[in-house]
Amino acid sequence: MAKFNGFPGMNGGNFNNILKQAQKMQQEVLKKQEEVAAKEFEASVGGGAVTVKVTGDKIVKEVIIKKEVVDPDDVEMLQDLIVTAMNEALRQVDAKMNSEMQQYNIPGLF
């Protein structure tokens, strides 16, 4: 039985093929990550009172707050709307990344 680096049955050709496939998969994963990072995601809450735009690499690009939602006597509500919109936009990024990576079926990758 042939041995390659202590693994029975692994000849050099099989190992090289596995290595090439792994490198190809790594390149594909990096490309998908770059594609998602280049996209923008948007979430609105409170009937459009607060809108947040983020990039796929989770950089906040814009926060839009309608004037009518700014109430000096209820700052907490505005803060909650902003947090909710931010979390939803970031959830969208994570969902997109997860859906893109599912095809690779590597446990623990994402």
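Where does Val-70 lie? Val-70 sits in the loop between β5 (60-65) and α2. Before following that residue further, please keep in mind that this is a predicted model.

**The overall layout**

Let's start with the fold as a whole. The chain has 2 helices and 5 strands, and reading along the sequence gives the pattern β-β-α-β-β-β-α. Of its 110 residues, 20% count as buried. Among contacts with a separation of 6 or more, 42% are between residues 24 or more positions apart. The chain exposes about 7800 Å², and carbon and sulfur atoms supply 53% of that area.

In soluble globular proteins, nonpolar side chains tend to be buried together. Here, the largest nonpolar core has 18 residues, and Val-50, Val-52, Val-54 and Leu-81 have the most contacts inside it. At least two core residues come from each of α1 (12-38), β3 (40-45), β4 and α2 (75-101). The helix α2 gives the most, with 7 residues. Leu-81 also shows how the chain comes together: leaving aside neighbours within four places in sequence, Leu-81 is in contact with Val-45, Gly-46, Ala-49, Val-50 and Val-69.

Now back to Val-70. Together with Val-60, Val-63 and Ile-65, Val-70 makes a nonpolar surface patch of about 290 Å².

Two residues are worth a look side by side.

| Residue | Location | Relative accessible area |
|---|---|---|
| Thr-55 | strand β4 (residues 50-55) | 10% |
| Lys-58 | loop between β4 and β5 | 42% |

Is Thr-55 buried or exposed? Thr-55 is buried, because its relative accessible area of 10% is under the 20% cut-off. Its side chain and that of Asp-57 are joined by a polar contact of 2.3 Å. Leaving aside neighbours within four places in sequence, Thr-55 is in contact with Ala-37, Lys-39, Glu-40, Phe-41, Lys-61 and Val-93.

Lys-58, in the loop between β4 and β5, is partly exposed, since its relative accessible area of 42% falls between 20% and 50%. What is the phi of Lys-58? Phi of Lys-58 is near 65°, a positive value in a residue other than glycine.

Note on methods. Residues numbered from 1 in each chain as written. Predicted model: local features only at pLDDT ≥ 70, side-chain atom pairs only at ≥ 80, totals over all residues. Heavy atoms only, no water. Helix = DSSP H or I, 4+ residues; strand = E, 2+ residues; numbered from the N terminus. Buried < 20%, exposed > 50% of the residue type's maximum accessible area, 1.4 Å probe, protein only. Polar contact = N/O pair within 3.5 Å; in protein donor to acceptor, adjacent residues only side chain to side chain. Contact = heavy atoms within 4.5 Å. Areas by Shrake-Rupley, 256 points an atom, 1.4 Å probe, with all protein chains shown as cover. Core = buried A, V, L, I, M, F, W, Y, C linked by side-chain atoms within 4.5 Å. Patch = residues over 30% accessible without salt bridge, like charges linked within 9 Å, V, L, I, M, F, W, Y side chains within 5 Å. Salt bridge = Lys/Arg side-chain N within 4 Å of Asp/Glu carboxyl O.
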